[in-house]
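Here is a short briefing for a first look at this structure. Start with the view below, then read the points by topic.

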Amino acid sequence: MIVDDTCSICAKDTETAFHVLYTCEFAQSVWLLSNVGWQINSSLNEWLRGVITSYPQSQQEEIFMLIWSLWLYRNEVVWESRTHPYRFILSRARTALTEWKTAKISSVGLSSRPLSFPACWEAPAPSHFKCNVDVALLENGYYRLGMIIRNSQGQNCAGKLMTVSGWGDPQVGEVLCFREALSWIKSLAFFPICMETDCQVVTQFLTSTHSFSSYFSMIINDCKSLIQELSLISFAFVRKPANQVAHTIARAANSIPALIPIVKDKCIHQQSQSQDLHFI
Ligand SMILES: [Zn+2]
């Protein structure tokens, strides 16, 4: 019996574990979109030894979850003939990590040592961007949406405040904010970019393959279409302390002086009619 050992994903090279997880062009795209990046390594052993000895814990976590997600994808292609865009592999890895950490925290209780969710915002990899989004519920049922894009030096690149009508459902507000931020990003040139939200339900639904018929799910579907369109985009759940700037922007009530302490590396002003925040 002849066994075809060609990679089922790219159909260009011999399938080895190292190829599937690292050198395959599909895997390279996943790594380049992640916070880890990609550089030349000659073998699986050399690569993993480098990961264990020289990467910080937060990157190691992302690496091992990506390895799991890439291998799962290889099996989905081989056994189920199912394909996904490469950003799905990254988002699935991050969502699974978040769920695992959340489950771990609720099972060990508050008195135990906290797990390694970042306690504060972490800058993206060089030449990458991050967009943090958050929503505030206003008294009249409206939502105020706050979004901010920063680069690998932590500098503010763009910000936006929006007020939209609603009926005060926090999760709908969160997903509306996510969709508006995606539309906004579409008009800008900050790529590759990772969207960060502190609403875990949003990231769980974005990586779910089930379809639901609620209003929330309809907006999730809009988000999925936009993510499909914008190829160099990923998303992640972060805890509230790591989303503090977007949180504060959403609650700033158009008060630019209130924003100055939180964006202190740059001056900021707001044009009279526009809701865009300009960083000088
Ligand atoms: Zn391949």
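Helices here are DSSP runs of H or I with at least four residues, numbered from the N terminus. By that count Lys224 belongs to helix α8, which covers residues 215-229. The model is predicted. Its chain holds 10 helices and seven strands.

**The chain overall**
- The chain has 280 residues, and 34% of them count as buried.
- Take the contacts between residues at least 6 apart in sequence: 65% of them join residues at least 24 apart.

**Confidence**
- Mean pLDDT for the chain is 83. A value of 70 or more is reached by 83% of the residues.
- Helix α1 (residues 17-23) has the highest confidence, at 96. Strand β6 (residues 268-270) has the lowest, at a mean of 38.
- Residues 108-114 have pLDDT below 50. Beyond near neighbours in sequence, this stretch makes zero contacts in the model.
- Residues 264-274 also stay under 50 in pLDDT. For this stretch the model has 18 contacts beyond four places in sequence.
- Where pLDDT is low, predicted coordinates should not be read in detail.

**Helices α6 and α8**
- Helix α6 spans residues 170-186. Its axis and that of α8 come within 9 Å and cross at roughly 20°.
- How do the two helices run relative to each other, parallel or antiparallel? Angles under 35 degrees count as roughly parallel, so α6 and α8 are roughly parallel to each other.
- The crossing of α6 and α8 is left-handed.
- On the α6 side, the contact includes Val172, Val175, Leu176, Phe178, Arg179 and Leu182. On the α8 side, it includes Phe216, Ile219, Ile220, Cys223, Leu226 and Ile227.
- The residues of this contact divide into 12 nonpolar, two polar and three charged.

- Is Lys224 exposed, partly exposed or buried? A residue is buried at 20 or more other C-beta atoms within 10 Å, and exposed at 12 or fewer. Lys224 has 16, so Lys224 is partly exposed.
- Lys224 and Arg179 are 45 residues apart along the chain. Their C-alpha atoms are separated by 9.1 Å.

**Arg251, in a loop**
- Arg251 sits in the loop between α9 (244-250) and α10 (256-259).
- Arg251 counts as partly exposed because it has 16 C-beta neighbours inside 10 Å.
- Arg251 and Leu137 are 114 residues apart along the chain, with 8.6 Å separating their C-alpha atoms.

Notes:
Residues numbered from 1 in each chain as written. Predicted model: local features only at pLDDT ≥ 70, side-chain atom pairs only at ≥ 80, totals over all residues. pLDDT = per-residue confidence, 0-100. Contact = placed C-beta atoms within 7 Å. Axes fitted to C-alpha atoms, helices over the stretch in contact; angles between N-to-C directions. Parallel < 35°, antiparallel > 145°, perpendicular 65-115°, else oblique. Left-handed = near helix turned anticlockwise from the far one by under 90°. Nonpolar A, V, L, I, M, F, W, Y, C, P; charged D, E, K, R; others polar.
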